[in-house]
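This report considers the architecture of a single protein chain. The sequence and the structure are shown first.

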Amino acid sequence: METKIFKINSPEDENIKAVGEILREGGLAAIPTETVYGLAGNALDGKCAEKIFAAKGRPSDNPLIVHISSFSQWAPLVKEIPESAKALADAFWPGPLTIILPKSELIPKEVSGGLDTVAVRMPENEIARAIIESAGVPLAAPSANLSGKPSPTTASHVIDDMTGRIDAIVDSGDCNVGVESTVLSLAVYPPRLLRPGQVTPVMLTEILGEIEIDDAVFDKLLDGQEAASPGMKYKHYSPDASVVLVKGSFEKFAKHVNSNAVDGTVALCFEGEEASLSVPAVTYGRRNDPASQAKHIFDALRTVDKIGAKQVFARFPENEGMGLAVFNRLLRAAAFNIIEL
Ligand code: TXA
Ligand code: MG
């Protein structure tokens with residue numbers, strides 16, 4: 001299949017119409033959002049969801065997030081919108097928060113992965129909202145990467161993974177946030193954080209009072225344990241190299257890396273730390289700056305593969321606030337492999 005590339009830098013761009021038409025007619029287009037690029041298709045058409053799973057090579061029991069451009073699109077997709085959900089949407093939409101509620105009949109089972117709930121979010125990115133509006137339907141959109149690869153945060157990541165597999169790719173430059181949205185389920189009580197993102201547990205607690213953080217945010221699921229969020233059970237965000245997260249001061253990190261270096265060892269560290277390391281280094285943002293780490297982590301994970309890393313020692317990020325989102329992604333990239341010095 002030929003994949004058309006549209007360069008779009010403003011929500012007024014004429015090409016928004018062309019992308020909307022592709023989507024309205026049942027095609028697939030990769031679109032920018034503030035978090036990561038999404039692989040979008042009509043969320044009300046089960047066949048589009050099947051095409052999305054095929055293009056990503058993703059298991060079809062992993063449900064998709066439905067993206068809307070206005071509040072009025074939400075109510076028809078869910079059984080009801082409780083006060084708590086309204087309060088969250090008022091506080092954080094448009095923005096990187098996904099809210100799970102019991103679904104209505106409008107959502108096909110292919111989109112919800114067979115669950116009786118649906119995940120919805122209104123992206124902050126204005127180009128994303130203009131495309132949803134132009135399509136005239138809510139858009140199901142998982143991250144636009146091949147399943148198992150790091151999520152795409154630049155158009156070139158999407159072009160690498162999706163060329164020839166989908167109808168169109170919108171190139172709007174780099175994503176601002178860099179890690180996927182916070183996923184919160186309001187289909188259970190207390191509300192449960194399933195995936196950490198820029199909207200932090202503290203920010204959610206301020207609106208909701210008590211929330212619980214799902215075990216899968218920090219730990220590997222045990223054999224036979226059911227995942228509240230099916231995405232959590234898959235090996236994720238993984239580069240081809242084997243990654244180890246190294247906890248401890250930079251001095252200890254550098255000593256460990258330099259004395260365990262073999263051919264193919266790469267360090268994943270913070271900006272400015274490269275000079276003390278005897279191996280090739282890839283940086284992911286600044287130390288003590290989770291927002292900059294979030295913005296660069298997925299590109300860094302792709303870069304370690306590009307330079308042929310076999311073994312990666314990664315600096316341990318702060319795991320509080322937005323840092324929890326970075327930690328959660330790195331933990332999966334490392335297949336839960338941590339050493340403490
Ligand atoms: O930032 C984002 O959320 C990006 C952009 C494109 O919007 N999208 C994204 O989608 O990350 P995806 O499909 O890669 O991740 C969706 C996650 C998965 O872990 C999935 O299991 C979970 O949300 N999820 C979706 N619907 C769910 C549901 N009904 N119940 C539980 N988990 C759900
Ligand atoms: Mg994803």
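This is a predicted model: local features need pLDDT of at least 70, side-chain atom pairs count only at pLDDT 80 or more; totals for chains, interfaces and linings use all residues.

Residues are numbered from 1 along each chain as its sequence is written, chains are lettered from A and ligands numbered from 1 in the order in which they are written, and side-chain values use heavy atoms, with hydrogens and water left out.

**Overall fold**

The chain contains nine helices and 16 strands; helices (H or I, at least four residues) and strands (E, at least two) are DSSP runs numbered from the N terminus. Its radius of gyration is 20 Å, close to the 20 Å that the globule rule gives for 341 residues, so the chain is as compact as a globular protein of that length. That radius is taken over C-alpha atoms, and the rule is 2.2 Å times the number of residues to the power 0.38. Along the principal axes, the C-alpha atoms fill a box of roughly 60 × 45 × 35 Å.

Of the 341 residues, 57% count as buried; buried means under 20% relative accessible area, exposed over 50%, and partly exposed in between (1.4 Å probe, protein chains only). Among contacts (heavy atoms within 4.5 Å) between residues at least 6 apart in sequence, 67% join residues at least 24 apart.

**Nonpolar cores**

A nonpolar core is a set of buried Ala, Val, Leu, Ile, Met, Phe, Trp, Tyr and Cys residues joined through side-chain atoms within 4.5 Å. The largest one has 43 residues, and Trp-74, Leu-88, Trp-93, Leu-97 and Leu-204 have the most contacts inside it. At least two residues of this core come from each of helix 2 (46-56), helix 3 (83-92), strand 5 (97-102), strand 6 (117-121), helix 5 (155-162) and helix 6 (201-208). With neighbours within four places in sequence left aside, the contacts of Leu-88 include Trp-93, Leu-97, Ile-99 and Leu-204. A second, separate core of 31 residues includes Val-36, Leu-301, Leu-330 and Leu-331.

Helix 4 (residues 126-135) is largely enclosed by the rest of the structure, because seven of its 10 residues are buried. Among them are Ile-127, Arg-129 and Ile-132. The cover over the buried residues of helix 4 includes helix 1 (15-24), strand 2 (29-31), strand 4 (65-67), strand 7 (139-140) and strand 8 (168-171).

Val-304 belongs to helix 8 (residues 290-306) and is buried, at 0% relative accessibility. Beyond its neighbours within four places in sequence, Val-304 is in contact with Pro-239, Val-266, Leu-268, Val-282, Ala-309 and Val-312.

**Backbone exceptions**

Most residues other than glycine have a negative phi, and most peptide bonds are trans. The table lists departures from these patterns.

| Site | Feature | Angle |
|---|---|---|
| Trp-93 and Pro-94 | cis peptide bond | omega about -10 degrees |
| Tyr-189 and Pro-190 | cis peptide bond | omega about -5 degrees |
| Ala-335 | positive phi | phi about 50 degrees |
| Phe-336 | positive phi | phi near 70 degrees |

Pro-94 lies in the loop between helix 3 and strand 5, whereas Pro-190 is in the loop between strand 9 (182-185) and strand 10 (192-195). Ala-335 is placed in the loop between helix 9 (323-333) and strand 16 (338-340), and Phe-336 is in the loop between helix 9 and strand 16. Ala-335 is partly exposed, with a relative accessible area of 38%; Phe-336 is also partly exposed, at 24%.
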